[in-house]
Amino acid sequence: MPESVQGPRATPAAGRTAPTPRPVPGPRSAATPRPGHPGPGPARPAPPAQRPLPTSTRPAAPAAAQAPAPAERKRPENRSAAQLQLIPAPAGGALDAADEAVDLLLDSGRAPGEILVLTTGENHPWATHELSFGEAAYWAQHDAGDDVFFARTATVDRCASRPVVIVAANGDIDDSAARALSVARDRAGALLIVCGDAQKINSALGAGV
């Protein structure tokens, strides 16, 4: 039986160093030239921009084609750019839901003076306590604007705008409360949170959430 021919040995001969395998190059983008290759060449220059005519020779646009000045444009009415958020809760739990919303806002970095809390029913316990010292001292805290302020929706016209307004629907949402919700939406600069019965609140606001 003839002896089989042996292939090249994997082990290099004594005194010779095995060649280091070359890494396989990865895909190249068209903008990356290969080593020693000039590449695809420079990108084509963009067509020159049309130069404006000198002021003295530029033809005036016809009066009918001229656009109105920016100051004359009438922007569409934007009632409130605030985001609307609804927290479903029964009337008896609306105050607790509002307090939890306040805590979350403060934990997220909101300043206390940026938050206004309104109630459609009974006053918040904080408001009841502060009103015991007189309305002048109570509203002085509102005007200072350095802490969370609690009031009833019946007095929303007296409240100044704040970035966040929270409404606790802890009472019936009658016509006056529905109007107060609409005013509260205008008072909110960034976020309006309403805690209460979702169906009644949506009906009062006139829009789904």
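Predicted model: local features only at pLDDT ≥ 70, side-chain atom pairs only at ≥ 80, totals over all residues.
Biologist: How many aromatic pairs does a search of the whole structure find?

Modeller: The search finds 6 aromatic pairs, and one of them joins Trp 126 to Tyr 138 in a tilted arrangement, with 6.3 Å centre to centre and 45° between the planes. Because planes under 30 degrees apart count as stacked and those over 60 as edge-to-face, the rest are called tilted.

Biologist: Which parts of the chain does the pair of Trp 126 and Tyr 138 tie together?

Modeller: Trp 126 belongs to helix H2 (residues 125-131) and Tyr 138 to helix H3 (residues 135-144), so the pair ties together parts that are 12 residues apart in sequence. Trp 126 is partly exposed, at a relative accessible area of 21%, whereas Tyr 138, at 3%, is buried.

Biologist: What kind of pair do Trp 139 and Phe 149 form?

Modeller: Trp 139 and Phe 149 form a tilted pair, 5.5 Å centre to centre with 40° between the planes, which links Trp 139 in helix H3 to Phe 149 in strand S3 (residues 149-152), 10 residues apart. Trp 139 is buried at 5% relative accessibility, and Phe 149 is buried at 1%. Ring pairs link these two residues, together with Trp 126, Tyr 138 and Phe 150, into a cluster.

Biologist: Is Val 167 buried or exposed?

Modeller: Val 167, which lies in strand S4 (residues 162-168), counts as buried because its relative accessibility is 0%, the cut-off for buried being under 20%. Leaving aside neighbours within four places in sequence, Val 167 has contacts that include Leu 118, Thr 153, Leu 181 and Cys 195, and its C-alpha atom is separated by 5.8 Å from that of Val 117, 50 residues apart along the chain.

How values were computed:
Residues numbered from 1 in each chain as written. Heavy atoms only, no water. Helix = DSSP H or I, 4+ residues; strand = E, 2+ residues; numbered from the N terminus. Buried < 20%, exposed > 50% of the residue type's maximum accessible area, 1.4 Å probe, protein only. Contact = heavy atoms within 4.5 Å. Phe/Tyr/Trp six-rings, centres within 6.5 Å; stacked < 30°, edge-to-face > 60°.
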